[in-house]
Amino acid sequence: MKLVRYLVYCLSETGANVFDYRGLSVVALVTSALSMLCVGLFFLIYVNIHGVVQSLEEDITMNLYLDENLSADKMLELERVILSYPEVGNVRFISSRDAIEAYLKRYPTEKDLMESFGNQALPASFVVGLAPTHRTVEGVGSVAKKIEGVSGVSEIQYGQEWIQTLWWSTQLLMLIGLVVGVTLTLASIAIVANTIRLTLFNRKHDIGILRMLGATEAFIRGPFLLEGVTLGALSGGGALILLKIIFESFIYRVGDGFMQGHSIVFLPPPTLAGVVVCGALLGFVGALLSLKQTRKVWA
Amino acid sequence: MIKLFHVYKQYDTKLVLSDVTLLVEKGDICCIVGPNGAGKSTLLKLMFCQKKPDRGQILINNQNVTHMSQKAISAVRQRMGFVFEDYRLMLRKTVLQNVALALTIAGTPLKQGRQNIDRVLAALGLEHKKHDIASTLAAGEQQRVCIARAVVSDPLVLLADEPTGILDSAAAIEVFDLLRGMSMRGTTVVLATQNQDVADRFPQHRVMLNHGRVTEQ
């Protein structure tokens with residue numbers, strides 16, 4: 001009952017603080033929301049590119065071109081060895097003839113060229129599919145390293161360059177996102193902290209009265225912490241609304257097919273809730289910081 | 001019960017209280033009388049743990065409050081009431097909110113709290129001002145709200161610094177009756193005044209203070 005009464009007090013004080021200093025609260029809310037919007041935008045881009053990378057990783061296969069005169073027994077032996085690696089999910093044999101047929105199906109005008117090379121124009125190969133748990137850039141690289149020294153394999157191809165480029169791009173994007181995210185998160189904390197600090201200074205007289213009436217520090221801090229949490233959570237919510245508007249207008253103008261068949265997705269519901277919770281946490285930290293600083297001044 | 005033993009207080013080089021020893025029994029009304037600058041307010045502030053003595057000991061309800069932590073001071077203050085000379089009201093809030101604040105801090109149950117508020121506001125003639133914003137009240141009304149806030153939680157100790165300073169005689173009598181009623185219910189009351197007429201109303205325990213020294217007790 002005592003706690004309920006205190007919570008009611010905190011809520012009414014928070015409401016009064018936000019209302020009395022509404023101009024200040026709105027400025028804090030808008031600037032915080034814009035900071036969080038920037039973080040959200042980066043996160044949204046990262047989520048989508050990460051999604052594309054993941055779906056490409058699903059399709060990662062590796063072509064192992066075999067030595068020209070490898071016997072059938074040796075091929076079976078090689079297949080067994082490759083299948084024994086935990087990173088490998090399946091192995092498909094493509095004979096020289098099948099390879100030529102597939103090539104000609106794709107490039108029918110080059111039939112004469114193929115015939116001039118004879119039956120061995122393209123070497124036989126194994127197409128190695130990775131186990132689901134290893135369908136990553138690192139996974140394919142590790143399998144390639146293992147197979148490199150195996151006899152009977154003349155060449156390994158898995159699109160090293162573009163896979164590496166894509167991997168580095170996502171890492172770079174993540175790094176930039178992290179730097180921007182941390183910077184803007186700190187900015188959001190500072191904005192909320194300053195707002196609470198200004199409210200605290202404006203409420204200095206009232207806080208003095210509360211102390212005289214025997215209020216504990218926790219009692220005094222409650223409404224200000226709640227104000228920080230409220231501002232943070234509202235900023236998070238506001239940032240999400242802005243992000244959704246930007247997202248929808250982007251889809252409307254550009255269409256969602258521009259990423260080579262990969263649909264652009266908005267942030268999933270748990271992430272949306274996470275943004276609001278993070279906003280509330282940032283507000284809490286900001287309020288806590290300003291309370292600690294002002295306590296030093298007033299103690 | 002309040003006990004002070006050989007209390008000294010100095011502001012910079014000025015000695016404000018010198019060797020003050022005082023005993024106020026439970027339910028007693030002690031009136032500290034003295035001219036401006038005699039050290040009355042400082043004495044009350046020491047009892048209220050708002051300031052610390054340079055020397056000496058202070059006991060409130062057998063609890064030594066001389067060197068208490070802030071947290072412990074909060075707990076002591078929750079069982080005390082203080083009528084400030086400058087009222088110290090939350091001016092944006094209503095009379096009811098100001099008075100109820102003391103109960104919220106003390107954690108008084110809501111039902112009991114409501115009864116106390118109604119009783120105290122009626123005793124001080126403030127029922128009709130219940131929902132008025134404190135800043136819109138006249139100075140005398142603000143002083144009565146300050147008194148209401150100090151007494152609403154039935155404190156064990158009530159300290160009042162010039163509680164009737166600007167009240168008219170009728171309102172002052174209401175306040176004196178209220179203080180007497182509280183004293184009869186067991187509250188230890190200490191009031192500081194420079195007004196001899198006020199002091200004459202509480203002849204049982206009068207303490208004369210001059211230049212920081214108790215000259216008559």
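A salt bridge here is a side-chain nitrogen of Lys or Arg within 4 Å of a carboxyl oxygen of Asp or Glu. By that rule, the interface of chain B and chain A has 3 salt bridges. One of them joins A:D20 to B:R92, with the closest N and O atoms 2.4 Å apart.

Some conventions. This is a predicted model, in which local features need pLDDT of at least 70 and side-chain atom pairs count only at pLDDT 80 or more, while totals for chains, interfaces and linings use all residues. Residues are numbered from 1 along each chain as its sequence is written, chains are lettered from A and ligands numbered from 1 in the order in which they are written, and side-chain values use heavy atoms, without hydrogens and water.

Back to the interface. Counting contact as heavy atoms within 4.5 Å, chain B contributes 22 residues and chain A 18 residues. The buried area (accessible area, 1.4 Å probe, lost on putting the two parts together, summed over both) is about 2,000 Å², and carbon and sulfur atoms give 62% of that.

On to confidence in chain A. The mean pLDDT, the predictor's confidence in each residue from 0 to 100, is 83 for chain A, with 95% of residues at 70 or more.
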